[in-house]
Structure formats: C-alpha cells, structure tokens
Amino acid sequence: MEDQLHIPQVKISYLQSRDPSIISWNRLEKVRANLHFSSDESTVPSLPLPDKVKEKHVDVYLRIKGGVECSDIYAIEEEDTFVCELPETSTTISGNKNGVQTAEKYKFTKIFNSGCTQEEIFHATVKEKILNFINGENSTLMAYGTSGSGKTFTLVGTTEEPGIIPRALKYLFHSLPTLEQFPQAKPLPNGNAVILDNTQKLIEKQQSQSILKDLHAYKDHLLHEKAFSAMQQRLSRDPVAIVENLTPIINIWVSLAEIYNEQIFDLLNTPIKGQQRPRLKIGGLHNNTYIKDLKFINVRSGLEAYEVLQYGLQNRNRASTVVNMQSSRSHCIFSIKLVQGYDADNLLVSSFNFCDLAGSERLKKTMNVGDRLKESNSINNSLMVLGRCITMVRDGQYKKENKMPPFRESKLTQLFQRALIGKEDIQLMVNVNLSKDMFPETQHTLNFSAMAKEVIIDQAPVKVLNSSRFLDKDFDEEDTRDEELDELRDRLAEVVLQLSEERQQNQQRQEEAIERERQHLINTYKEIINIKDKQIETLKRENEILLKEKREREKAHLQSFFVVSSGSESDFEDELGVTESDS
Ligand SMILES: Nc1ncnc2c1ncn2[C@@H]1O[C@H](COP(=O)(O)OP(=O)(O)OP(=O)(O)O)[C@@H](O)[C@H]1O
C-alpha cells in the first residue's frame, strides 16, 4: 500500500496554476533548476547558482506588539519558545481538553519581544534573504495576525520607525552598483523577462516618472522623503553586502496589488476619473501563478521604490474599525523583481514578495456591519483557507495524507501556493497583541503559526534563465484556456452572487408585503372597532333616552292614578319621593 502511494502519477491539471510538481501531498516531485542557454555556453559566463538548500522548515517569527500591557499568562523561554498558560476550558493544539490547567509551548525561529526595534527585526529576518534574492532566489515574507496587532507597522512602519520594506530597499540598492538611467529588461508577470527596445525603454521611463510626479503632488511626500533619507543616513554605517559577479543587465521593478473582497486590484494603476479600478485575474503557467496585467514600475533607487510603495498605499482600502483606526481591509502584496543577465537569451528574474495580510477579526468584537462586515467575512474566509492549506501541506508531509489543499478557494492561497507547499523560500512574521482581552485571537494565531512552522521547505530554489523563445506566444494556448476557465469561474461566482442577492431582495419584498398586509388588517380592524364603539355609544345614549322616557311615562301614569284615588297632588309628590328613593 505504502509502495503504491509512492508511484508518481503525474496528472496534467486542466485547472491551471496548480504546481505541476505536486503529485500528491506525501510526495513533492523533485524539480531541479532548469537552465536554458541557447547560445554557446562557453562564451556566456554562468550566473551564480546557489548551493542545494538543506531541508528546512518555514521560518516563523513572533513579534509582540509594543505599547500594550501584556497578560501574565504568557512567558518567553530562551529566545525561541513562547509559553502560554491555558485556562481549564481551552483546547490545546494537541487536542487536550482535560480540565487541568496546562501550558502550551510554541516554537518560533525567533521571538521579538515588545522592546525590539524595527532595525533589529530587519537584521534578524530579511537582510540575509536580500542577498539570496540578488543570487536569483525567490522569497516571500507574510505578516500574519489579528487586526491592529502591528503587521503594517512591522512591514512598512512609520516615518520615524521605518519597517522591513524600506530597510530592505535601502539594503538592496546599496548592495548593487548604480543602475542604468533606462531599464534594459522587463519582467513578465509569468516569471520570464524581455529585453526592451528603445521605444519601450522610453515608455517605461515615462511610466515611472509619471507615478513619481503624481506622488510628489501629495502633501506628505516630503515627510516620506525626509524619513527615508534620515533612515539612509542612520544605516550608512551598516556593513553593505559586497555582491560579486554581477551581470551587465540589472534592473529593478516593483508592483503593488491588493486582494479586496476576493478581487485583485493594481494599486499602481490610477483609473481614469469616474471609472473603477479594473479587476485583475490570476494566470497560471507551469509552476507559476501570477497576476495578469499587473503593472511593474522600474525604479533606480531605494527612495524611488519607497515612493512608489507610498503612492500605491494611498490607494489601499482602509477603514476605521473598533479595533484599529486605520485597519487594512485587504491583503496587500508589494513585489520587487530583479532582472539580471546578459542578453535576451540569458535573463534571470527573481522576486521578493512582501505580503501584508489583512487582520483576522472576531465579528462579535468588531461589531462590524454593512461593508465592514462583508470585508471581515472575506478576510476571515481567506485566512481560514490559508490555515487549511498550511495544515494540509503539513499533514501531507508528516502523516502522508493524500489530500489536495484547497489553494483555489482563495486568491491569496492561489497566488502563493508555490511558496506555501515549501518550494520557495517563505517567512512568516506573526504579530500578536498580548493584552488580556485578545486571548482567543492570540491563541488562534499561535496555533496557526505552530502549523506553519512545521511545513518543510524541501526544494532547492528554482532558477530559470529564460530564452525569448519561451515568452508569451508559447504559452498562448495554455493562457487562453486558463482565461476561459477564469472567466467561467468569475461568471459563475457572479451568477451565484446575483442569485443570492435576488433571493435576499425577494425575501425582503415578501416581508415588506406581509408587513403591509398586516398594517392594512390592523387599520381595518381598528376602524371597525371604532365604528362599533361609536354604535355602542349611540345605542347607549338611545337606550338612556328611552329609559328616561319610559320612566317619565310611568311617573305620569302613577301621578294620574294617585290623583284619581287620593285627590291631592302634593300627597302624590311626597309619596313619589318615598317611592323613588325606595325604588
Ligand atoms: N511594535 C509596535 N510599537 C508601537 N506601535 C505599534 C507597534 N505595532 C503596532 N503599533 C501601532 O498600532 C497600530 C495598529 O498597527 P497596524 O496598523 O500595524 O496593525 P495591523 O496588524 O496592520 O492592523 P490591520 O490588520 O487592522 O490593518 C498603529 O497605530 C501602529 O503604529
């Protein structure tokens, strides 16, 4: 049985964008770097290839939010073990629920206490990865945590305390020589690159200049510029990496995308006035998923890249919620692409993705309604899918379970599936707020990170020196099929949404009609009751008159009878007084 499971069964997925090396989850096919040299190899100096990376686990860091009072149920042992005392009713990750007070231990690559500076965090996490990036390795850093736990602060930071991204940009550009005025090669979304002709060079230059010009019109632009130059000065004493064997072509490009309510938008694409920002689709190509039509902007310095980031961030969906005044309502992906090489046939593209995930939220706590509630549902759902994918990848690696993680159930996991299965370098920055009232959220976050920490990265980084022969046209057929599937899927989602909206509207209409009918009946019955009340009043009055008349008649009758029998009217009056009071 065991042996049968190990027979590779490579099935071509027509749901593109699944990594073809995924055969089953207990077996990840080993794919070795695939280098394409079309010209005489002896005349082309080869690009540096990293050594085969030893099997290792995903790096998971824990950052404890500063400026909040920490609950005393938490403790840090050494620099990598986080201890959490669980109340009797809690369930541990190992499934314990025995009514005994237990403590759960969580291992991290490193724990950053609330007093750690942004600089310390950068040095311990991303700095080394930047060198791997220059060597052609892809890398992803994801910031995960509940809303308000400090994800954006860790990645982007503030003008006084710049985060990992501006520091990474500074470090990257200082490790490279001064870049050419005009870009020579541009990355394609599908992972390849093309050499630009003179006209294209001009167009690309204009694109980046127009974005920078737009940004310079913002009033707080100067603040960013000052903060970045202040930071550059502060870091100028830091050792700068010496990178050898750099190629004649070196270009850096950046992009910024957001996944908002399961729709992808290009934050560097300013829509024409009055129009909505277009929705982008996911494309798939062999072992690569990418965002189609995402704009990449050429940058020549850390400052330029940082400015482009700031430009895009102004367009990000943010809103004030109960837990965070400036809550990010979307997952945001800032990508840096490095294109290096010699000529059209020898280009290498590496990417570094920084992913600022939207924070998970407890709906009860956030008390969100309307748009905020819709966003919360979408955020929580995609994070749940991320958790399920990580758990299933980990179970596949350890328990040899043969299940396909549900990558396609959310745009986020679809885009990062290659990194999530451990075939590319991925780091997770887990942000927690250890205040007492955040206990359930913190425990959930810790359990998530424990799963992620166990995922094995078992693949040497794949390097592909592309040839222009392998550009778009070769993949047209696959792309078209993908596009058709994407369109069908989108159409289906739209129809489902439309149906559910119509059902809701119908229900609302029905409820309104019932309410109207109810009100009508109430009013009708009220009127009937009014009329009846009036009739009763009239009857009462008539009855009283009749009674009075009758009494008058009887009185007259008695009077005449008395006069006839006794002869005195006054005697009758006296007698009547007695008679009336008696009666
Ligand atoms: N380590 C820290 N030290 C000081 N202030 C912090 C720290 N972490 C976060 N903050 C502050 O807390 C607030 C919320 O942080 P941030 O916006 O980064 O949270 P987030 O996790 O990105 O939230 P969301 O998911 O809702 O966008 C910000 O004002 C930020 O400056």
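1. Rings of Phe, Tyr and Trp (for Trp, the six-membered ring) are taken to pair if their centres lie within 6.5 Å, and a pair counts as stacked with planes under 30 degrees apart, as edge-to-face over 60 degrees, and as tilted for the rest. By that criterion, ring pairs join Phe133, Phe334, Phe352 and Phe354 into a cluster, and a search of the whole structure returns 7 aromatic pairs.

2. On provenance, this is a predicted model, in which local features need pLDDT of at least 70 and side-chain atom pairs count only at pLDDT 80 or more, while totals for chains, interfaces and linings use all residues. Residues are numbered from 1 along each chain as its sequence is written, and side-chain values use heavy atoms, with hydrogens and water left out.

3. Among the pairs found by the search of the whole structure, which finds 7 aromatic pairs, Phe122 and Tyr171 are edge-to-face, at 6.1 Å centre to centre with 70° between the planes. This pair links distant parts of the chain, since Phe122 belongs to helix H2 (residues 118–124) and Tyr171 to helix H5 (residues 164–175), 49 residues apart; helices here are DSSP runs of H or I with at least four residues, strands are runs of E with at least two, and both are numbered from the N terminus. Both Phe122 and Tyr171 are buried, where buried means under 20% relative accessible area, exposed over 50%, and partly exposed in between (1.4 Å probe, protein chains only).

4. Tyr144 and Phe448 form a stacked pair, 3.8 Å centre to centre with 10° between the planes. The pair links distant parts of the chain, with Tyr144 in strand S10 (residues 139–145) and Phe448 in helix H13 (residues 439–454), 304 residues apart. Tyr144 is buried at a relative accessible area of 1%, and Phe448 also counts as buried, at 7%.

5. Lys205, in helix H6 (residues 198–216), places its charged end over the ring of Phe182, 5.9 Å from the ring centre; the criterion is NZ of Lys or CZ of Arg within 6 Å of the ring centre and within 35 degrees of the ring normal. Leaving aside neighbours within four places in sequence, Lys205 is in contact (heavy atoms within 4.5 Å) with Gln181, Phe182 and Arg300.

6. Helix H8 (residues 302–313) has 12 residues, of which 11 are buried, so H8 is largely enclosed by the rest of the structure. The buried residues of H8 include Glu304, Tyr306, Glu307 and Tyr311.

Methods
Expected span 1.5 Å × (residues − 1).
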